Amino acid sequence: MTAAEILARLVGFATVSRDSNLALIEWVERWLVEHDVAHWRVESDDGRKANLLARIGPDVSGGVVLSGHTDVVPVDGQPWSTDPFTLVDKSDGRLYGRGTCDMKGFIACALAAVPRWVDQTLVTPIWLAFSYDEEVGCIGAPRMIARLMADHPRPAAVIVGEPTLMHPVVAHKGATNLRTTVTGRAAHSSQVNQGVSAIHVAARLVTHIEEVMAELKAEGRVDEAFNVVHSSLHVGKIQGGTAINIMARECTFEWEIRHLPSDHFEELLGRVNARAAELEAEMHRRAPDTAIVTEALNTTVPALADDNNAEVLALCRDLLDERPAGAVAYATEAGQFQRQGLPTVICGPGSIGQAHQPDEYIAIDQLEACETFMAALGERLQRT
């Protein structure tokens with residue numbers, strides 16, 4: 001099967017993160033069995049989802065891990081012109097469907113290369129590492145990485161196939177999602193001296209969250225490799241109050257911190273928490289049963305630092321004709337591999353500009369470029 005044919009199969013599985021990915025995993029397992037490839041499931045606690053590890057080549061240390069996530073973001077409310085879960089070729093040089101570029105195109109190229117790799121005499125292995133729940137906080141990959149490191153010889157390098165237009169990426173920001181709940185005291189809006197408006201307090205804290213970014217820039221904490229050169233803090237959702245004439249008892253907002261590899265999430269959160277403590281003290285002077293509570297909605301996705309990657313970067317550049325390396329603002333599973341001491345870069349087909357969009361697509365020439373890369377990788381691992 002060609003990469004495009006496999007991509008059609010993968011897109012047909014509606015692996016939105018809120019749903020199971022097992023049907024897709026089972027199809028991939030059948031493909032691997034057909035080609036006599038060793039593979040292992042690493043399931044979620046409830047068994048509804050699974051990561052998949054596979055090894056082509058000898059059971060020795062070294063070699064390259066090709067990593068990709070199987071889940072996709074929802075299509076709810078998006079104005080698609082075609083069925084999102086049917087691969088569509090509009091004869092415009094693009095293949096349309098949810099996950100085509102993020103990142104089933106990369107997975108399809110890797111799977112299409114399996115028959116070729118099996119027939120080659122690889123000196124070191126090619127690993128496939130397909131995860132679940134990347135889109136909701138990179139939840140599945142850590143247990144897959146732990147299994148790989150505990151049960152198998154150590155790989156030499158990792159390539160995470162997120163869409164980079166087949167240019168190697170050596171750094172990305174870390175990411176943490178948070179929820180802050182402000183509990184005030186309700187009162188009639190004509191008696192503002194009797195209550196504490198959770199909405200008003202939340203608004204002051206939201207404003208401070210944006211001010212932290214200005215502080216970071218003023219302190220010179222920037223990295224020009226990124227298109228957003230500083231760590232970013234952003235409030236995406238806010239909800240509170242019951243009626244226009246009631247001082248709100250509760251207001252909740254959800255926000256994120258995307259930190260540079262050179263910054264630390266805990267320190268940035270500390271700046272926000274310090275202001276929250278000041279506001280809470282003011283609230284307590286008026287009503288002791290008030291509070292501000294912030295909770296993390298995911299384990300921090302670690303940043304990828306441009307570090308300890310010379311050999312895998314050289315490999316990618318060699319196979320891709322010396323393309324320049326870069327940095328991206330979005331988070332991936334790459335930092336999780338790097339934290340285990342594995343040299344890691346990101347390189348995959350398609351543009352992040354198409355990811356998560358209605359009528360998501362991958363350019364056919366990008367798919368072909370990735371197929372060429374996979375073939376070259378197999379050729380290289382026959383002799384190194």
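**Helix packing and cysteines**

Mentor: Helices H3 and H9 (residues 364–381) pack at an angle of about 40 degrees, with their axes 9 Å apart; helices are DSSP runs of H or I of at least four residues, numbered from the N terminus, and axes are lines fitted to C-alpha atoms over the stretch in contact, with angles running from 0 to 180 degrees between N-to-C directions. The model is predicted, so local features need pLDDT of at least 70 and side-chain atom pairs 80 or more, while totals for chains, interfaces and linings use all residues. Residues are numbered from 1 along each chain as its sequence is written, and side-chain values use heavy atoms, leaving out hydrogens and water.

Trainee: Why are H3 and H9 called oblique to each other?

Mentor: Angles under 35 degrees count as roughly parallel, over 145 as roughly antiparallel, 65 to 115 as roughly perpendicular and the rest as oblique; at about 40 degrees, H3 and H9 are therefore oblique.

Trainee: How do you know that the sulfur of Cys370 is too far from the closest cysteine sulfur for a bond?

Mentor: A disulfide is a pair of cysteine sulfur atoms within 2.5 Å, whereas the sulfur of Cys370 is 3.8 Å from that of Cys109, its closest, and therefore too far. For Cys101 the closest cysteine sulfur, in Cys370, is 12 Å away, again too far for a bond, and the structure holds zero disulfides.

Trainee: What makes Cys370 count as buried?

Mentor: Buried means under 20% relative accessible area, exposed over 50% and partly exposed in between (1.4 Å probe, protein chains only); Cys370, at 0%, therefore counts as buried, and Cys101, at 1%, is buried too.

How values were computed:
Helix = DSSP H or I, 4+ residues; strand = E, 2+ residues; numbered from the N terminus.
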